[in-house]
Amino acid sequence: MKILTRAAAAAIALAAAGILSSPASASLVPLTTTDLTGQGVGASFTTLFLQAQGNSTTESGGVMFNGTVFGDAGSGQSQSRTFTFADLGITNASQLGLIVNLAEPGSENPPFVTTAMSPLAANANLANTITLNVFSSTGTLLEQHTAANGLTLLQVASGLGGSGIVFGLDSAEQTQLNNTIAANAGNEVFTLGATFANAQGGPETISAVRLTGAVPEPSTWAMMVLGFVGVGFMAYRRRSNPKFRWT
């Protein structure tokens, strides 16, 4: 599966949706959205399936390096699993994308969740906000990459199937992960953990995908947003002042 990240459109869409939140403070940053309605969990490379039990509005869980799950993570190969770069057909950290797919029942309009710190008594460090855990093949935790705490994520499309917000590593974290991979000769095992507050009972999934296109620097996001605001302002000035028309 390939997801093309169109940086300029992504910056405007994410800013308008309220999910372009302090990317400089996080390792995993939102890039764009994608609508893949109808695929279902089994048709995408689902690496984490979360659904809170009972009436809890916070769901938290993840996958251990040996494939076992904890917290609210669903079990089964089609729900929560470990993965490698080879599984995705990628060779560089810049190609790694994570699609966060919300399937809330629609009590809000639009439905949303908020990234949060894990309240679990065990393995909480593996499940804060959205966390990419990098293990050695023997189970040593080599490094972690996390999304910002308190990030509001809006549902992209109803139902499960891969639709959602695409996250990727910023350039500094790409370099760090690539160095780790080079030092460990491809023996890395990746797992995901996550914690979402304000959940309304529906399942959330995170799928791993192969990205095409580069991840912009945090400063580039701001420049792109300001640039588009400036273009919009100039267009408004031209419409309100007809003597400055192009012919």
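Which residues does Gly61 touch, not counting residues up to four places away in sequence? Keep that question in mind while you load the structure, which is a predicted model.

**The whole chain**

Start with everything shown as a cartoon. Of the 247 residues, 47% count as buried.

**Stop 1: Gly61**

Select Gly61, which sits in strand β4. This glycine has 0% relative accessibility and counts as buried. Here is the reply to the opening question: Gly61 touches Leu48, Leu50, Phe70, Gly71, Asp72, Ala73, Leu120, Ala127, Gly193 and Ala194, leaving out residues up to four places away in sequence. Gly61 and Asp72 are eleven residues apart along the chain, yet their C-alpha atoms are separated by 4.8 Å.

**Stop 2: the aromatic pairs**

Next, show the aromatic side chains. The model has four aromatic pairs. Begin with Phe65 and Phe135: their ring centres are 5.8 Å apart and their planes meet at 40 degrees, so this pair is tilted. Phe65 belongs to the loop between β4 (59-63) and β5 (69-71), while Phe135 is in strand β8 (residues 130-135), so the pair links parts of the chain 70 residues apart.

Move on to Phe83 and Phe190. Their ring centres lie 5.5 Å apart with planes at 25 degrees; stacked pairs have planes under 30 degrees apart, so this pair is stacked. Phe83 is in the loop between β5 and α2 (85-88), and Phe190 is in strand β12 (residues 189-197), 107 residues away. Both Phe83 and Phe190 are buried.

Together with Phe83 and Phe190 they form one aromatic cluster. Show Arg81 as well: Arg81 lies over the face of Phe45, at 4.2 Å from the ring centre.

**Stop 3: the nonpolar cores**

Select Ile130, Leu153 and Phe167. Of the 33 residues in the largest nonpolar core, these touch the most other members. To see where the core comes from, colour β3 (46-50), α2, β6 (96-102), β8, β11 (164-169), α3 (171-184), β12 and β13 (204-212); each supplies at least two of its residues.

Centre the view on Phe167. Leaving aside neighbours within four places in sequence, its contacts include Leu28, Val29, Pro30, Leu31, Leu96, Gly97, Leu98, Ile130 and Leu153. Another core lies apart from the largest one; it has six residues, among them Val29, Leu31, Val166 and Leu211.

**Stop 4: strand β7**

Finish with strand β7 (residues 112-115), which runs antiparallel to strand β10 (residues 152-154) and is joined to β10 by three bridges. Two bridges join β7 to β12, and these strands are antiparallel as well.

How values were computed
Residues numbered from 1 in each chain as written. Predicted model: local features only at pLDDT ≥ 70, side-chain atom pairs only at ≥ 80, totals over all residues. Heavy atoms only, no water. Phe/Tyr/Trp six-rings, centres within 6.5 Å; stacked < 30°, edge-to-face > 60°. Helix = DSSP H or I, 4+ residues; strand = E, 2+ residues; numbered from the N terminus. Buried < 20%, exposed > 50% of the residue type's maximum accessible area, 1.4 Å probe, protein only. Lys NZ or Arg CZ within 6 Å of the ring centre and 35° of its normal. Contact = heavy atoms within 4.5 Å. Core = buried A, V, L, I, M, F, W, Y, C linked by side-chain atoms within 4.5 Å. Pairing = 2+ DSSP bridges.
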